[in-house]
Amino acid sequence: MKKTILISIIAGTLTGCSVNMKTVRINTEQSIVLVNVTLIDGTGAKAKPHSTIVIKDGRILEISNIRKDFDATTANIIDLEGKYLIPGLIDGHVHILDESKKSKGAKAEKTIAKMFRKGVTSIRDMAGNAKRLKELKEVALQPTTPMARVYYATLVAGPEFMATDPRLKDVEILDLHENPWVIVITDSTDIPKEIARSKAFGVDAIKLYEKVPGHLAIELIREAKKQGLQAWAHGSVGIEGPIAVIEAHSLSHAQEIIVSDTLTTLSASAFRKVLNAPATEQILLRMQQNNVVFDVTLGVTLKPLLKYEDWEDEIGERVRSLIECLVLVTKKAFDIGVPIGVGTDTEGDVADEMKLLVTKVKMPKIQVIRAATYNNALALGIEDDYGTIEVGKVADMVILNSDPLEDITNVRDIKYVIKAGHIYSK
Ligand SMILES: [Zn+2]
């Protein structure tokens, strides 16, 4: 190698907003060659030091660990000695327009720009105002926009849920039955027609929420798949519980693998019995066989509890038991081979959720990186193009200054974020 190009930083494509990253100027006609980097490719394979990655037209053209000379006059060569390369992170469970948190409107653009700064190149929005999400998706689609790509769903729930959920108080969805991205499910719903309407609107998935009878849940999932949409589900769908949704692409929240009400009433030892019961094991085995991503969202449940973890009274005991239950479910699913997903369920930090999977669940760090990249791409149905660093895939990646396999929170120590071959720095 002759010399490394001088990288100049120009202002980001969107001005006046401090959360936006800055574009790293390169010759866009030429390929990008990342050299001397330690590659953690998101497949779960071990790290490969001194890797070379060639990017052309936004995709990964070549990966090797052979040192060879690249002509700096015909390629953008970036020497990443001492740095680490991981796939772009995906937050597998967000509600960026949660009406109950007043985080709607213009703030949403800032939110997805802020997430991008944290290495999140795609997000899975698990139901919100899809009219607005559709606009956001279009804004964030371009590689020249330093924002996380947005994937979103039609909300499917029973009429009882629709009457009470705070998200549905938005004026734009007053007439639920007229809305193409909300399906109020009853026995008389024309499922193929409703799903076709959602698909025509542009959603990526249906999200099965509360009060969906089990037999209808299965019908909805099968029809969504038939029409080329993803099906994302809560476990508490219907009285049949998770068994009704094991054909979905993902199942949200660790506690919902068993009927969720019991979680707050059972002790950890009683919970362990439920967890080890043949019926629960059967669900996890079926999830493993069907490759259903288990998006456990530990942080959103545990975070408010952790401060009571050391209390020596009844509250402390109850909290420790609850934490143990959530950890046990996740660990058991992981041991069985269910793909674990990483989702914050808030505007929170993916790194925090990853840390919980390492410190509480004791998942190997390389598997936690896979969970936040490949597994989440699987839940989105975009795994052929995203989620790992492999030849042919879109070049969504994050370059880190320090080793995430030493400390998983080093995924915050970001040098560059790359979106389809466009390089951004803070
Ligand atoms: Zn959620």
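Let's start at one residue: Asn291 is partly exposed, because 15 other C-beta atoms lie within 10 Å. The cut-offs are these: 20 or more other C-beta atoms within 10 Å of a residue's own means buried, 12 or fewer means exposed, and in between is partly exposed, with C-beta atoms placed from the backbone. Asn291 sits in the loop between α8 (278–290) and β16 (293–295). Its phi is positive, about 60 degrees, and it is not a glycine. Most residues other than glycine have a negative phi.

A word on the model. It is predicted, so local features need pLDDT of at least 70 and side-chain atom pairs count only at pLDDT 80 or more, while totals for chains, interfaces and linings use all residues. Residues are numbered from 1 along each chain as its sequence is written.

His50 lies in strand β4 (residues 48–56). Buried, exposed or in between? His50 is partly exposed, because 14 other C-beta atoms lie within 10 Å.

Now the whole chain. The protein chain has 12 helices and 20 strands. Those are DSSP runs, numbered from the N terminus: helices are H or I with at least four residues, strands are E with at least two. Of the 426 residues, 47% count as buried. Take the contacts with a separation of 6 or more: 71% of them come from residues 24 or more positions apart. A contact here means C-beta atoms, placed from the backbone, within 7 Å.

Next, a sheet. In what order do its 3 strands come? The order is β8-β9-β10; the sheet is open and the pairing parallel. β8 (89–94) and β10 (149–151) are at the edges with a single partner strand each, so one side of each has no neighbour in the sheet. From one strand to the next, the twist averages 20 degrees. For the angles, axes are lines fitted to C-alpha atoms, for helices over the stretch in contact, and values run from 0 to 180 degrees between N-to-C directions.

Look at β8 and strand β9 (residues 120–125). They pair in the parallel sense over 4 bridges. To count as paired, two strands need at least two bridges found by DSSP. Ile90 stands opposite Ser122 in β9. Helix α1 (residues 107–117) packs on this sheet and touches β8, β9 and β10. The direction of α1 makes about 135 degrees with that of β9. Helix α2 (residues 130–141) lies across β9 and β10, at about 145 degrees to β10.

On to higher residue numbers. Strand β18 (residues 397–400) and strand β19 (residues 414–419) run antiparallel, joined by 4 bridges. Leu400 has Ile414 in β19 as its bridge partner. β19 then pairs with strand β20 (residues 422–425), again antiparallel, over 4 bridges. There, Lys419 is bridged to His422 in β20. β19 and β20 form a hairpin with 2 residues between the strands, where Ala420 takes a positive phi near 45 degrees.

Last stop: Lys365, in helix α12 (residues 365–380). Why does Lys365 count as buried? Because it has 20 C-beta neighbours inside 10 Å. Which residues does Lys365 contact, leaving aside neighbours within four places in sequence? They are Val358, Pro404, Leu405 and Ile408. Pro404 is 39 residues away along the chain, yet its C-alpha atom is 7.6 Å from that of Lys365.

Technical notes. Contact = placed C-beta atoms within 7 Å.
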